[in-house]
Amino acid sequence: FFHYPMLFTKFESLLPKVIDLPLPGIVAQKKMAPLFRLQEIIDKPLNEKEAKKAAVLILFYPDSNGDTSFVLIERVVYSGVHSGQISFPGGKRDFEDKTFWDTALRETQEEVGVVSSEVKRIRELSKFYIPPSNFIVYPFVGFVSSKPTFVKEVKEVEKIIETPLSKLLDPENETKGTVSTSYAGKINVPMYVFENVQVWGATATILAEMKELILIALKE
């Protein structure tokens, strides 16, 4: 089934299981986390108080054929650590955000134009620490019932990348490759490749947990 699109109705039917399953956490995350990152997390234990907090949203929706997709973004090139990277809509918690879910919704509306009130919450995934930028990321999963009209925030978003769920579930799209980083030079990392889009680092690590949940739900 991996090579075929998953109907959104099928995806919705899996959600009760996805919501109830225990989170695979580090077991799933390790599959796509760069080795040096795992070592860094061991060497530099997380200080929750000092770390900055951010939230991201894996947003699922039916595409124009009724198949399940989710949205990624390519960030604009700037002078920061995450310049030009592929990520989920999301960002830093603002003082007016009551919860991290509110952060994820607000950032998604700002960056890709999806109205917060239309997003239904599925669940939260395991938080993930990113040493280079000293951020703890709180990932959430949500969906909208119809295909959104995406509007990108041009200052922050270079490109909106609509990604079929079947591409994530297809094991052939899981590989390793060399990337250039501002903080570690050229490194070899695990990655997902969707069309020509290389997804690695925190985004791939979060996706690995999402993928595991869906695969377990499909087997049950």
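Let's start with a charge and a ring. The charged end of Arg 93 sits over the ring of Phe 100, 4.4 Å from its centre. Sitting over a ring means that NZ of Lys or CZ of Arg is within 6 Å of the ring centre and within 35 degrees of the ring normal.

Some ground rules. This is a predicted model: local features need pLDDT of at least 70, side-chain atom pairs need 80 or more, and totals for chains, interfaces and linings use all residues. Residues are numbered from 1 along each chain as its sequence is written, and side-chain values use heavy atoms, leaving out hydrogens and water.

Now the aromatic rings. Rings of Phe, Tyr and Trp (its six-membered ring) pair if their centres lie within 6.5 Å; planes under 30 degrees apart are stacked, over 60 edge-to-face, the rest tilted. That rule gives nine aromatic pairs. Take Phe 70 and Phe 194. Their centres are 6.3 Å apart and their planes at 85°, so this pair is edge-to-face. Phe 70 lies in strand E2 (residues 68–75) and Phe 194 in strand E10 (residues 185–194), so the pair ties together parts 124 residues apart in sequence. Strands here are DSSP runs of E, at least two residues; helices are runs of H or I, at least four; both are numbered from the N terminus.

Buried or exposed, Phe 70? Buried, at 1% relative accessible area. Phe 194 is buried too, at 4%. Buried means under 20%, exposed over 50%, partly exposed in between, with a 1.4 Å probe and protein chains only.

Last, the cluster. Ring pairs link Phe 8, Phe 11, Phe 60, Phe 70, Phe 143, Tyr 192 and Phe 194.
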